[in-house]
Amino acid sequence: MRFYLTTAIDYVNNRPHLGNAYEKITADVIARYKRLSGFDTHFLMGNDEHSQNVYKRAHERGLEPLEYCDQMEREFRAVWTQLDISFDDFIRTTEPRHKAAVQRLAQRCFDKGDIYEGQYEGWYCVSCEAFKQERDLVGGACPLHATQTPEWIREKNYFFRLSKYRDALLEHFHAHPTFLQPEARRNELLRLLEGGLEDISVSRAGQSWGIPLPFAPDNTVYVWFDALINYAAAVGYGTDPSRFDACWPADLHVVGKDITRFHAVVWPAMLMSAGIALPAQVYGHGWVNFGGQRMSKSLGTSLDPTDVAHRFGPDPLRLYLVKEIAYGGDGDFTWERYEERYNVDLANNLGNLVSRLAAMAEKYRGSRLVAAGGGGRLAQVADAALARYRVSMDGFALHDGAAAAFQIVDASNEFIAETAPWALAKQAGDAGRLDEVLFEVAEAVRIAAVLLRPIMPGSAAEILRRVGETTMPDALRLDQDGAWRGTDVRHITKGAPLWPRVEASKSNDVNVAGATKRPSQKMEMSVEETPAGTLGTPGTPGAPAVPATTPAEDSRISYEDFMRVELRVAKVLTAEAVPKSKKLLKVTVDAGTEHRTIVAGIAGAYQPEQLVGRTVVIVANLRSAKLMGVESQGMVLAAGPEGQPPTLIACDPSIPPGTRVR
Ligand SMILES: [Zn+2]
């Protein structure tokens, strides 16, 4: 099984910003996941050097363009190395292999009659390096470069008959519903295709920096036509036919939403013209904003990914970008939010768990844990999390894959709090149970680390080492190593806290004006604190002295976290019993903008007819779930004393359905 994936290649007129890094990191997570799943994976990245902006930038610095590109390549590679990006090949569009591929593909399209000479007249945005339709401009300017006036260009150009491929492209989109993902991008481009396509210019006249058209060497290939061909060039198109046959078509192009049109319309049409198979899939990810603003060097809202990586290392950044942003949508980075997630997910949650396990293992069992039979509760949690993880990662819901791994972490912390190993350790009769508990936690941590390996490669490897995993990280396979191991001996290794807590910086001046300014680094080592909160019992004699936090810090959430739970007022329209269930009722509610079916465990307290017309509070953004065969789209809030049927949380009936509860 092979898997060939690519990212967009980058213009080298600036160092990469966090938005560029987001694409490489998420593609790297996919590449590492495919390797973990046993695919023979080939991951391509590269630089796009035949840009007029690159040419200009080189001359501003008094360098030859190629000299400048060489320097930038070193800078780009250094950034990607710092972020632990595991690309297998890095292509530059000035390389001979790329030039050969471009010339061959252009010639094939020309021979097919798909490239013709014509006159181009129209707007051109130099920053985008793209021709713009009058209707694309906003107040006469490029929508992406408000400070730049587009140029009116009139020159003899060669054109590609894109219009000819409109029907074939539409057919391809319909025959391959997942060709372009996510769905929003696909719908956008389907509408574009339905509206018809215009032929596009594929050459520029009178420019020396670029690849000459083979059939008209006075013209250079337009940078976009040139750049797209890198994906085929890198695996031998035009230079190594047998390698190309073995590697092509690509399985996945990961690109930004602003350039999905080039990748899902122009590129496939070029391939059809040249008689080459189409890539299996294009994924158009969203953008990371910085403090709510689009990241842009020219607007001063850009963030250097190495600055962020310096703060806590590459893995916390990778986790933040993957876990906090639903893949496919847009997201936001602020230093404040970043530090908050670092403390919550890493310092308090995963890091603390790893430290406590090691401390307890050492104190009670001399760091040697022996499996005591089949897995208990955590084994079930880990199995369910693994299944969710696979489905999510296969469908590029990377954020949900990360959440699945953390499901195990959360459950393990709860398990420690409930089983209280420090209390078991005091009773000789509980020795067997203590063995079970400690081994179960160690095994759960091991599986969580296997699942996190694509997202946080270095940290996951370190956690695996500490919990006694003997397989080398690169040799891990999800099939074997993601499964629960009920028989084993584990040697647990203690180490320094993986992620010491930091004091959250509350300054907002880092958001826009001080785009590259970093908050002061107040590191707060929590080694001396006692385990507490949900993770242990404060002051329990015999409790292991391991890093933890005070209860309040541990369990409190920010307003932002609270607002992620979408509580809304709703009105009950119908209610009926769920067959064969004593507890469940099926209700439909008016949630303001829509009607929903929700299964609620309130049958013990109400007859169905008592509920109609009631005003209730629902969790509106809960993932839907099947309960007794009925799909429940949300949750109705209810409460009751232990052992008694819950009753509805009251809500003033004058509040209209759909109103947000805050
Ligand atoms: Zn522009």
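Which residues does His-145 touch, not counting residues up to four places away in sequence? The contacts of His-145 counted in this way are with Cys-125, Ser-127 and Cys-128, where contact means heavy atoms within 4.5 Å. The model examined here is predicted, with local features requiring pLDDT of at least 70 and side-chain atom pairs counted only at pLDDT 80 or more, while totals for chains, interfaces and linings use all residues. Residues are numbered from 1 along each chain as its sequence is written, and side-chain values use heavy atoms, with hydrogens and water left out.

His-145 belongs to the zinc site. The protein donors of the zinc ion are Cys-125 (SG), Cys-128 (SG), Cys-142 (SG) and His-145 (ND1), at 2.1 to 2.3 Å from the ion. Donors are N, O and S atoms within 2.8 Å of the metal (3.2 Å for Na, K and Ca); because water is not among the atoms, sites may look incomplete. The arrangement around the zinc ion is tetrahedral, because the four donor atoms subtend angles of 102 to 115°; four donors count as tetrahedral if all angles lie between 85 and 135 degrees. For comparison, the ideal angle for four tetrahedral donors is 109.5 degrees. The spacing of the donor residues in sequence is C-x2-C-x13-C-x2-H.

His-145 is located in the loop between strand S6 (130-132) and strand S7 (151-160); helices (H or I, at least four residues) and strands (E, at least two) are DSSP runs numbered from the N terminus. With a relative accessible area of 18%, His-145 is buried, a class defined as under 20% relative accessible area, against over 50% for exposed and values in between for partly exposed (1.4 Å probe, protein chains only). Cys-125 and Cys-128 are both buried as well. Between the C-alpha atoms of His-145 and Val-126, which are 19 residues apart along the chain, the separation is 9.4 Å.

The chain as a whole contains 22 helices and 28 strands. Its radius of gyration is 28 Å, close to the 26 Å given by the globule rule for 662 residues, so the chain is as compact as a globular protein of that length; the radius is taken over C-alpha atoms, and the rule is 2.2 Å times the number of residues to the power 0.38. Along the principal axes, the C-alpha atoms fill a box of roughly 85 × 60 × 50 Å. Of the 662 residues, 54% are buried. Among contacts with a separation of 6 or more, 74% involve residues 24 or more positions apart.

Helix H11 (residues 305-312) is mostly covered, seven of its eight residues being buried. These buried residues pack against helix H1 (18-36), helix H3 (65-82), helix H12 (314-324), strand S17 (331-333) and helix H13 (335-365). Gly-313, which follows H11, has a positive phi near 100°. In helix H18 (residues 457-466), the buried residues include Pro-457, Ile-463 and Leu-464. The cover over the buried residues of H18 includes H1, H12, H13, helix H17 (431-452) and strand S19 (489-491). Just after H18, Gly-468 adopts a positive phi of about 85°.

The structure holds 33 aromatic pairs. Rings of Phe, Tyr and Trp (its six-membered ring) pair if their centres lie within 6.5 Å; planes under 30 degrees apart count as stacked, over 60 as edge-to-face and the rest as tilted. Trp-224 and Phe-262 form a stacked pair, with 3.8 Å centre to centre and 5° between the planes. Trp-224 lies in helix H7 (residues 223-228) and Phe-262 in helix H10 (residues 260-274), so this pair ties together parts that are 38 residues apart in sequence. A tilted pair is formed by Phe-312 and Tyr-338, at 5.4 Å centre to centre and 45° between the planes. Phe-312 lies in helix H11 and Tyr-338 in helix H13, so the parts tied together are 26 residues apart in sequence. Phe-312 is buried at a relative accessible area of 14%, and Tyr-338 counts as buried at 1%.

Several backbone features complete the description. Most residues other than glycine have a negative phi, and most peptide bonds are trans. The peptide bond from Gln-181 to Pro-182 is cis, with omega near -5°, and a cis bond with omega of about 5° joins Trp-248 and Pro-249. Asp-84 has a positive phi near 60° and counts as partly exposed at 28% relative accessibility. Ala-420 has a positive phi near 45° and is buried, with a relative accessible area of 15%.

Terms used:
Four donors count as tetrahedral if all angles lie between 85 and 135 degrees; four count as square planar and six as octahedral if opposite donors are over 155 degrees apart and all others between 65 and 115; anything else is irregular.
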